[in-house]
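Dear colleague,

Please find the structure below, together with its sequence.

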Amino acid sequence: MRLFGSMEIKDNQLYIGGISSKELVEKHGSPLYVMDEALISKNMETFKAAFKSDRFQTEVVYASKAFLTTGMCQIVDRHGLSMDVVSGGELFTVKSAGFPMEKVHMHGNNKTWEELEMCLDYGIGEIIVDNRDELDKLERVCREKGKKINVLLRVNPGIEAHTHEYIQTSTYSSKFGESIFDENIKDIIKKFIAAEHVELKGFHCHIGSQIFDEKPFFAAMDTMLKFIKQMKDEAGLDTTVLNLGGGFGVYYFDGDDAVDFEKFCKEMIKDLESKLDEYEIDLDKVIIEPGRSIVANAGTTLYTVGGTKVTYSGKKYVFVDGGMTDNIRPALYQAEYEGVIANRINEKTEDLVTVAGKCCESGDLLLRDVYLQEAKEGDILAISTTGAYNYSMASNYNRIRKPAVVFVKDGESKVAVKRESYEDLIRNDLKLY
Ligand SMILES: Cc1ncc(COP(=O)(O)O)c(C=O)c1O
């Protein structure tokens, strides 16, 4: 298993943030999401330092869907990043944490009336409007409240990025944004410009997530700049802001060629600056929205092994006390991870096993056909790179309680989210009779 940030091996054990896996599980129970605070901070600072230009302002917006808790909002604020939210729940969390509202950007392809009202009541910085109908809805809410709001229009630049390749297509059928190839795009933009209560500041695009190949990001940027120029010339647009989204791929398992985001950001800025000259346009601000690349490698989930089983066909399972409820990604996307027996980490990995969770689903598998140290009841299994889209996608399927989240740093562990109790599970249930 590749080690990240403060992970180290001492006394035959995996340590994170200076604390052994055994001590973490003894103190906080299992399963346990462990977040390496120093690595999160380092990643944020790296983005901030690398994504800078003398030519235009830059803004790094953390995509909170990757991982969001009240404590995480505090860390994002400490490092001066902005925040991207996509729901009333994320917005409420961020507001309750005391995060500066003017640094919040609201996304979503189907914002409800209630969510739009919250955006205005809370005084957030900017709404990324998904489509022409949403503009009408937003105008109405603004009129009723007598308020104005800055917006970006999300557009689809027709670049479909997969992890190792991309295609350009004008018929791309994503549910997000208005296509730049739409025959009415000029009229849509004119409508935004004419809108009384919204101030169109620019455009947003996001071409996908967990993308390793850097070419589609550059292609999207180039397409967006050409589009901005075209809209300036043909629709009288005076946009000043370009948001290029997130999606930078990270290492999960052997073979993943993670984006070196420091190098990538610097190259992106350089390319942007030269393209602005080439296309004779200016931008006030360029924004990126990394989520996964800030938190994924900083997270490790610790499980307790309940036992093992060898099936009639000879397949060996290791059973753990979590599963698809705390990490849906293997079942949802066939995502692959690396794992170790964290309390005997130096032992040989000679046992070919599949690690299964405890849910009533055959697909509840966390690691498929991997070599591990021989696992026994009571061992701690650690799965790395679970910081993004694990806790934020957790569920209570089978009425399994969501694990606790702890942040570790310099030998100290702080609970960021308490483990759910059985009482929590029935808190909103009402008896019918
Ligand atoms: C609009 C938008 N911005 C940013 C992100 C963050 O992507 P990632 O976590 O891959 O960096 C997403 C994720 O899907 C997104 O939809």
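The model is a predicted one, in which local features need pLDDT of at least 70 and side-chain atom pairs count only at pLDDT 80 or more, while totals for chains, interfaces and linings use all residues. Residues are numbered from 1 along each chain as its sequence is written, and side-chain values use heavy atoms, with hydrogens and water left out.

Helices H4 and H5

Helices (H or I, at least four residues) and strands (E, at least two) are DSSP runs, numbered from the N terminus. H4 and H5 pack at an angle of about 20 degrees, with their axes 10 Å apart; axes are lines fitted to C-alpha atoms, for helices over the stretch in contact, and angles run from 0 to 180 degrees between N-to-C directions. The two helices, H4 and H5, are therefore roughly parallel. In their contact (heavy atoms within 4.5 Å), Gly88, Leu91, Phe92 and Lys95 of H4 meet Glu115, Met118, Cys119 and Tyr122 of H5.

Helix H5 spans residues 113–122, and its buried residues are Glu115, Leu116, Met118, Cys119 and Leu120. Buried means under 20% relative accessible area, exposed over 50% and partly exposed in between (1.4 Å probe, protein chains only). The buried residues of H5 pack against helix H4 (88–96), strand E7 (104–106), strand E8 (126–129), H6 and strand E9 (149–156). After H5 comes Gly123, with a positive phi near 70 degrees.

Helices H6 and H7

Helix H6 (residues 132–145) packs with helix H7 (residues 185–194) at an angle of about 15 degrees, and their axes lie 10 Å apart. H6 and H7 are therefore roughly parallel to each other. From H6, Arg132, Leu135 and Asp136 meet Ile188, Lys191 and Phe192 of H7.

Cysteines

The structure has zero disulfides, a disulfide being a pair of cysteine sulfur atoms within 2.5 Å. For Cys205, the closest cysteine sulfur is that of Cys265, at 15 Å, which is too far for a bond. Cys265 is likewise in no disulfide, as its nearest cysteine sulfur, in Cys205, is 15 Å away. Cys205 is buried, at a relative accessible area of 1%, and Cys265 also counts as buried, at 1% relative accessibility.

With kind regards

Terms used:
Parallel < 35°, antiparallel > 145°, perpendicular 65-115°, else oblique.
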